[in-house]
Each structure stands twice: as structure tokens, then as C-alpha cells.
Amino acid sequence: LSNFNTSNVTNMEGMFNKSEATALDLSNFNTSNVTNMRWMFSNSQATTLDVSSFNTSNVTNMKYMFGNIPAITIDVSKFNTSKVTNMYAMFYRSQITTLDLSSFDTSNVIDMDGMFAVADATSLDLSNFDTSNVVNMSGIFVEAKATTIDVSNFNTNKVTDMSYMFASSEV
């Protein structure tokens, strides 16, 4: 994939969904025009996945992007999420144990339903999350493995659905 020219691509939905490839070299991917990364790596078998060079400045949809993936290390610390509106199940059932989400701009996110549901992350520092536009937080932490979740700055003024928010979680 290192020779793929992706400079004109706007939609990468499901690109590696259910892929059995264990290593993906995406270091040369130009994602500057991509708006949809929904299901991009969900259910993949990748044990090596480097997305640190991804330009996500135009992405609006990250629904289930890393859902149900094996225990790997991913660096999303440079992700520009300022235009993202949908983070539904983004890390659902992922076996990722460490997540640095300190740079995430969630000010435009509307849907966080199941974002960390059944995820293996041991600690989630979400103190920088701007949830002022979120409407749906249903099941965001359902069955989450995290023993520490910092939601101290969550603004839930617009939230209409908190069903199963912490159900069966280890918090």
C-alpha cells in the first residue's frame, strides 16, 4: 500500500474492515481530503498500525473507526478532530489498553454513543473533552474496563440520551 496515491480520496469508509492483514504500512497515505473514516479499521486483525501521519482535519465521521481491533498501540495524539460530529463506537470493543486523547477537539461532536463500550483502555483522561454539543452519550462506557475515567469537565446540557452510560463498567 506504500505506493497508493490517496491525495484525491474523500471516503475511506470500511477500507480495512475485517481485513486479515496483520501489518498495514499507511505512512504514505495522504488523508488531507478524507471526510469519512467510518469503520476504517474495524474488525481488522492488524497488530501493527501506524496512523500517526494521518491528516484528519477534514474528517467528520469516525464512527466505529477502531472498533473491535486487537491489542495494538495506536498514536492518535496528532489527530485533528475539530470537524468530527460522529464518534459513535469509535473504540468499541477495542483491545487497545493505552489511549492518548488529550489533543482531541470534540467541540462539534454530537454522537458519542458507545464510544468506549467494552473497550480495554485501563484509564481514560477525558478532562479536555468539550461535550457541549453532544446529544447522545448512550452506553459510552458500557462494560468499559477502565478503572479511572475523568469526566469532570463533561457538559451534558444538550444530552438527551444517557441510557446505559456506565452499565456493567468497572469504574
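Modeller: First, the elements: helices (H or I, at least four residues) and strands (E, at least two) are DSSP runs, numbered from the N terminus. The model is predicted, so local features need pLDDT of at least 70 and side-chain atom pairs count only at pLDDT 80 or more, while totals for chains, interfaces and linings use all residues. Residues are numbered from 1 along each chain as its sequence is written, and side-chain values use heavy atoms, without hydrogens or water.

I take the loop between β1 and β2 as the part to examine. N43 is found there. N43 is not a glycine, yet its phi is positive, about 60°. N43 counts as buried at 16% relative accessibility. Here buried means under 20% relative accessible area, exposed means over 50%, and partly exposed lies in between (1.4 Å probe, protein chains only).

R38 brings in charge. R38 forms a salt bridge with E13, and the closest N and O atoms are 3.8 Å apart. The two residues link distant parts of the chain: R38 sits in the loop between β1 and β2, E13 in the segment before β1, 25 residues away. The cut-off for a salt bridge is a side-chain nitrogen of Lys or Arg within 4 Å of a carboxyl oxygen of Asp or Glu. The structure holds one such bridge. Side chains of opposite charge can pair when their charged atoms come close. R38 is partly exposed, at 27% relative accessible area. E13 is also partly exposed, at 40%.

N28 is in the loop between β1 and β2 as well. A polar atom of the N28 side chain lies 3.2 Å from the backbone oxygen of S2. That is judged as a polar contact (N or O atoms within 3.5 Å; within protein, one must be able to donate a hydrogen and the other to accept it, and residues adjacent in sequence count only if both atoms are side-chain atoms). N28 is partly exposed, with a relative accessible area of 48%. Along the sequence, N28 and F54 are 26 residues apart; in space, their C-alpha atoms are 9.0 Å apart.

Now the aromatic rings. A search of the whole structure finds 14 aromatic pairs. One of them is F4 with F29, a stacked pair with 6.3 Å between the centres and 5° between the planes. F4 lies in the segment before β1 (23-24) and F29 in the loop between β1 and β2 (48-49), so this pair ties together parts 25 residues apart in sequence. F29 is buried, with a relative accessible area of 4%. F4 is partly exposed, at 45%. Rings of Phe, Tyr and Trp (its six-membered ring) pair if their centres lie within 6.5 Å; planes under 30 degrees apart are stacked, over 60 edge-to-face, and the rest tilted.

L1, F4 and M15 make a nonpolar surface patch of about 260 Å². Patch members have over 30% relative accessible area and no salt bridge; like charges are joined within 9 Å, nonpolar side chains (Val, Leu, Ile, Met, Phe, Trp, Tyr) within 5 Å. The areas come from the Shrake-Rupley method with a 1.4 Å probe; for residues, only the protein chains shown count as cover. M15 is placed in the segment before β1. M15 is partly exposed, at 33% relative accessible area.

For context, look beyond β2. N68 lies in the loop between β2 and β3. Phi of N68 is positive too, near 55°, and N68 is not a glycine. N68 counts as partly exposed, at 29% relative accessibility. T81 lies in the loop between β2 and β3. T81 is buried, with a relative accessible area of 0%. A polar atom of the T81 side chain lies 2.8 Å from the backbone nitrogen of D105. K63 lies over the face of Y88, 4.5 Å from the ring centre. The test for that is NZ of Lys or CZ of Arg within 6 Å of the ring centre and within 35 degrees of the ring normal.
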